[in-house]
Amino acid sequence: MISLSLAPATLPPGQRIYAIGDVHGCADRLAEMHRLVRADLAARPIATATVVHLGDLIDRGPDSAGVVEFVLQPWPDEPAPTVVNLLGNHEDMMLIAVASGDAEAAEHWIANGGDESLASWEVPPDTPPEQWWRAVPPTHLGFLRGLSLMHRAGGYLFVHAGLRPDVLLERQTRHDLIWIREPFLSWDGPLPAVVVHGHTPAADPTVRFNRIGIDTGAVLGGRLTCAVLERETLGFLQV
């Protein structure tokens with residue numbers, strides 16, 4: 001049973017959103033989280049359900065390839081929720097490194113956990129960066145290239161990292177949406193919507209009037225968190 005509390009924004013009646021924080025290659029945890037989401041949907045059916053992965057599916061953890069393959073599979077139950085997959089800074093680093101083969105881009109990605117991802121795709125350690133793209137299945141690369149920057153529903157905006165305060169939504173930069181920390185995290189003013197984000201790990205979910213942070217460090221010894229949003233309520237699933 002999910003413990004529900006008053007949320008900082010609302011969704012229209014008949015809608016529920018399950019927003020899942022940074023997975024970072026923890027395929028087993030993601031599979032368990034989806035199992036919990038499926039169980040909740042079976043116990044509490046709703047007209048319109050959406051599952052949002054907030055980005056950073058890959059890097060640092062043991063099975064980034066397995067995570068991508070898992071997300072690519074069709075939802076096993078009917079009616080299936082809509083699944084929205086957002087771009088994180090780690091997917092962006094990988095795409096730049098793999099597409100360019102550039103040594104500096106490759107080093108930047110490797111320094112941030114890209115070596116674990118390459119190992120999960122069984123790329124030999126001595127493979128030059130310009131050859132990495134050959135080792136990643138085209139379906140996986142196509143999936144990563146197709147990730148969205150944001151998703152909006154009701155009074156919420158879902159992005160990987162956050163927003164630049166006092167900048168119109170249509171003028172937010174790609175870099176800020178997937179990389180920003182400050183001044184977003186400490187901003188105590190209004191934002192275009194309540195931002196549901198990952199990117200910055202904390203021991204517990206952060207709930208403020210203008211944002212909900214749900215990166216709880218699954219790959220750092222913490223837990224994988226899913227925010228469950230419906231009408232004016234908020235709850236959490238964790239594994």
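Predicted model: local features only at pLDDT ≥ 70, side-chain atom pairs only at ≥ 80, totals over all residues.

Me: What covers the buried residues of helix 6?
Reply: Residues are numbered from 1 along each chain as its sequence is written, and side-chain values use heavy atoms, leaving out hydrogens and water. Helices (H or I, at least four residues) and strands (E, at least two) are DSSP runs, numbered from the N terminus. The cover over the buried residues (buried is under 20% relative accessible area, exposed over 50%, partly exposed in between, with a 1.4 Å probe and protein chains only) includes helix 2 (64–72), strand 4 (82–85), helix 3 (89–100) and helix 5.

Me: Which residues of helix 6 are buried, and which exposed residues does the face turned away carry?
Reply: In helix 6 (residues 138–145), the buried ones are His140, Leu141, Phe143 and Leu144. They lie on the same side of the helix because their arc around the axis (taken from the directions from the helix axis to the C-beta atoms) is only 160°. The face turned away from that buried side carries the exposed Pro138, Thr139 and Arg145.

Me: How do helix 3 and helix 6 pack, and what is the class of their angle?
Reply: Their axes (lines fitted to C-alpha atoms, for helices over the stretch in contact, with angles from 0 to 180 degrees between N-to-C directions) are 10 Å apart, at an angle of about 120°. Contact, meaning heavy atoms within 4.5 Å, is made by Glu91, Met94, Leu95 and Val98 of helix 3 and Leu141, Leu144 and Arg145 of helix 6. Angles under 35 degrees count as roughly parallel, over 145 as roughly antiparallel, 65 to 115 as roughly perpendicular and the rest as oblique. Helix 3 and helix 6 are therefore oblique.

Me: Which residues of helix 2 does helix 1 meet?
Reply: The axes of helix 1 (residues 27–43) and helix 2 come within 8 Å and cross at roughly 25°. That makes the two helices roughly parallel. From helix 1, Ala27, Leu30, Ala31 and His34 meet, in helix 2, Gly66, Val67, Phe70 and Val71.

Me: Does glutamate 230 count as buried or exposed?
Reply: This residue sits in strand 10 (residues 225–230). Setting aside residues up to four places away in sequence, glutamate 230 touches Leu11, Gln15, Arg16, Arg44 and Ile46. Its relative accessibility is 19%, so glutamate 230 counts as buried.
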